[in-house]
Amino acid sequence: MQRFIFIIIIWTSSVQAQYLNNPSFEGRPTTAVPPSEWIVYGQASSPDTQPGSWQVSKEASHGNSYISMVARGYSIIDSYLWEACFQEFRQPLLSNQTYHYSIDLAFDPHFTADTFSFNNPIQLRVYGLSATMEKELLWTSGKVAHTEWQSYFFELTPTQLTNYLLLEAYYLEMPKYNGNILIDNLQYYPEGYPEEPIFVEEDTVVQSAYYFSVNQDGQIDSINSRSVKNRRTMTFSANEITFTVWDNQSFDGDTISLFLDNKCVLEKHLLTKEKHSFTLQLDSTSANRLTLYAHNVGKIPPNTISLLVSDGTTKKRLVLSSYLTSCSAVDIVIEEE
Ligand SMILES: [Ca+2]
């Protein structure tokens, strides 16, 4: 009987442990007040419930509101301090267990407070706190310089019993400077990350937001100001080409789009080990440029895909890698016999 009770307790805590209240940071937008359930941490000023404060007007990624936090260099108050907030888990995270989450992050170059501009990118650091407030760094986002929301997937594997989750705005480098980060839509995945794309909401604004530049030959040489680098050429003899993509490395939440010249042929695809194929008619009169555009870099930068290209008789495989600042591409030439 004792063993039976023990099992029930473990099961209950592992099911509920990872949940937090108000994970979408919902609340009435207010300056210097965090969304409900989130508590100000440390000596710095309070995070804000956005949009509407400090020249920030961006729509929420999820629901109606989100949280913004700053890190300060010299400022009118709290110089050289950085903002943070925390919340108690419904049940503690167990040590040496892995919990899967995602969070949406963005940066606002217009962020201005008390006449001071906070127009520099920073990063998010995620800590676990024990019951006695011992801090353990569990994840860092790296540089968040994009103005559109992007989902970041991350795992928490604490080495101590973890009662609280702490979100901290932090500098990318020293000396300290003014910067901001916007945060929304913290999600927990009790069954691990989904195998299917999780972008279920069509976002027409994002879809139409790609812009291109072309070189002298009329080929795409940048998408959204990300230069196209690391180009390679493949030659095939038929113009009906099948592309197959999958995750080249361990699954880490890489999300990609593929462009054939300036046409999006695969939109916001979450890479998994499972192979995804599609067939396109290519132009045999000029080179066809297939460009990999990364929406995030997962946990392990860069964003890398395995790509198999086939015309029915010939198959060629390559690996493409893209960062958030540049794209890689392959030029496909059809030489029909
Ligand atoms: Ca929200």
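Mentor: Buried means under 20% relative accessible area, exposed means over 50%, and partly exposed lies in between, with a 1.4 Å probe and protein chains only. This is a predicted model, where local features need pLDDT of at least 70, side-chain atom pairs count only at pLDDT 80 or more, and totals for chains, interfaces and linings use all residues. Residues are numbered from 1 along each chain as its sequence is written, and side-chain values use heavy atoms, leaving out hydrogens and water.

Trainee: Is Ser 65 buried or exposed?

Mentor: Ser 65 is buried, with a relative accessible area of 1%. Ser 65 sits in the loop between β2 (48–50) and β3 (66–71). Strands are DSSP runs of E, at least two residues, numbered from the N terminus.

Trainee: Which backbone atoms lie 2.8 Å and 2.9 Å from a polar atom of the side chain of Ser 65?

Mentor: The backbone oxygen of Phe 25 is at 2.8 Å. The backbone nitrogen of Gly 27 is at 2.9 Å.

Trainee: What else is Ser 65 in contact with?

Mentor: Contact means heavy atoms within 4.5 Å. Leaving aside neighbours within four places in sequence, Ser 65 is in contact with residues including Thr 49, Pro 51, Ala 60 and Asp 184.

Trainee: Now the sheet. What is the order of the four strands?

Mentor: Two strands pair if DSSP finds at least two bridges between them. In this open sheet the order is β19-β16-β21-β22, and the pairing is antiparallel. The edge strands, β19 (276–281) and β22 (315–322), each pair on one side only.

Trainee: How many bridges join β21 to β22?

Mentor: Eight, with β21 spanning residues 303–310. In one of them, Val 309 has Lys 316 of β22 as its bridge partner.

How values were computed. A polar contact is a pair of N or O atoms within 3.5 Å; within protein, one must be able to donate a hydrogen and the other to accept it, and residues adjacent in sequence count only if both atoms are side-chain atoms.
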